[in-house]
Amino acid sequence: AAADGTVWGVNSAGNIYRYTGDQESGHWKQISGGLVRISAGSRTNVWGVNAAGNIYRYTNNDANPWVQIPGALTDIGAAADGTVWGVNSAGNIYRYTGDQESGHWKQIDGGLKAISAGSRTSVWGANAGGNIYRYTNNDASPWVQIPGALTDVGAGVDGTVWGVNSAGNIYRYTGDLPG
């Protein structure tokens, strides 16, 4: 879900859906394609990953909805400001740099299994051991560990962070952010 009200989802079969209408009387519209992970930063910044690790960006055209982006990822996080981060099957972390049409992936030190970008300055992730990390906005020393254990995390543009642990419990981060 994005700050502008845009909501996308994928089901266990890989079908892609966009929520249309308002929150009380909307419905799910199926969009062609197949993804296992999807992230909506805004109506115009929607990215996904399929089961083979291929990366796709939404074209804002339901008739021809997806353009493939070079690279291979297992999770992706798109933010309202155009920021896009991803992790691959080896746990390597990447930030998309440049514009949507001619950008490239820059590797950032560290290892994560799940990642979410709320904005350029709000990027969170969890590693295979469940440890939680927040991006420091400094590529030289990129991550600070946050207490707790999660298997997936979602960062909002307003700084709100939600997570799910291995037991399926849902958490919202309420602590002060370490420096």
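## Starting in a loop

Let's begin with Thr 136, which sits in the loop between E14 and E15. Keep in mind that what you're looking at is a predicted model. Is Thr 136 buried or partly exposed? Its relative accessible area is 23%, so Thr 136 counts as partly exposed. Setting aside neighbours within four places in sequence, Thr 136 touches Ser 141, Pro 142, Trp 143 and Val 144. Its C-alpha atom is 9.7 Å from that of Trp 124, a residue 12 places away along the chain.

Asn 137 is in this loop too, between strand E14 (132-135) and strand E15 (143-146). Asn 137 has a phi of about 70°, a positive value, even though it isn't a glycine. Why is that worth a glance? Because most residues other than glycine have a negative phi. With a relative accessible area of 36%, Asn 137 is partly exposed.

## Another asparagine

Asn 60 also has a positive phi without being a glycine, here near 70°. You'll find Asn 60 in the loop that runs between strand E6 (54-58) and strand E7 (66-72). Asn 60 is partly exposed, since its relative accessibility is 35%.

## A covered strand

Now hop over to strand E5 (residues 45-49), where five of five residues are buried. Asn 45, Trp 47 and Val 49 point one way from E5, while Val 46 and Gly 48 point the other way.

E5 has partners you can trace. E4 and E5 pair antiparallel over five bridges, and a hairpin with two residues links E4 to E5. Within that pairing, Ala 40 has Val 46 of E5 as its bridge partner. E5 also runs antiparallel to E6, joined by three bridges, with Trp 47 standing opposite Arg 57 in E6.

## An open sheet

Next comes an open sheet of four strands, in the order E8-E9-E10-E11, paired antiparallel. Which strands stand at the edges? They are E8 and strand E11 (104-108); each has a single partner strand, so one side of each has no neighbour in the sheet. From one strand to the next, the twist averages 25°.

Zoom in on strand E10 (residues 93-97) and you'll see that E10 pairs with E11 in the antiparallel sense over five bridges. Ile 93 stands opposite Ile 108 in E11.

## The largest pocket

How much space lies in the largest pocket? About 760 Å³. The lining has 35 residues, and those closest to the centre are Ala 1, Ser 116, Val 153, Gly 154 and Ala 155. By type, the lining splits into 21 nonpolar, 10 polar and four charged residues.

Several strands each give at least two residues to the lining, among them strand E1 (8-10), strand E8 (75-78), strand E12 (114-119) and strand E16 (152-155). E4 supplies the largest share, five residues.

## A buried serine

Last stop: Ser 122, in strand E13 (residues 122-126). Ser 122 is buried, as its relative accessible area is 7%. Apart from neighbours within four places in sequence, its contacts are Ser 116, Ala 117, Ala 155, Gly 156 and Gly 159.

Methods. Residues numbered from 1 in each chain as written. Predicted model: local features only at pLDDT ≥ 70, side-chain atom pairs only at ≥ 80, totals over all residues. Heavy atoms only, no water. 1 Å grid on protein atoms, 1.4 Å probe; cavity = no way out; pocket = protein on both sides within 12 Å on 5 of 7 lines; lining within 4 Å. Points joined across faces, edges and corners; volume = space filled by probe spheres on them. Nonpolar A, V, L, I, M, F, W, Y, C, P; charged D, E, K, R; others polar. Buried < 20%, exposed > 50% of the residue type's maximum accessible area, 1.4 Å probe, protein only. Pairing = 2+ DSSP bridges. Axes fitted to C-alpha atoms, helices over the stretch in contact; angles between N-to-C directions. Contact = heavy atoms within 4.5 Å.
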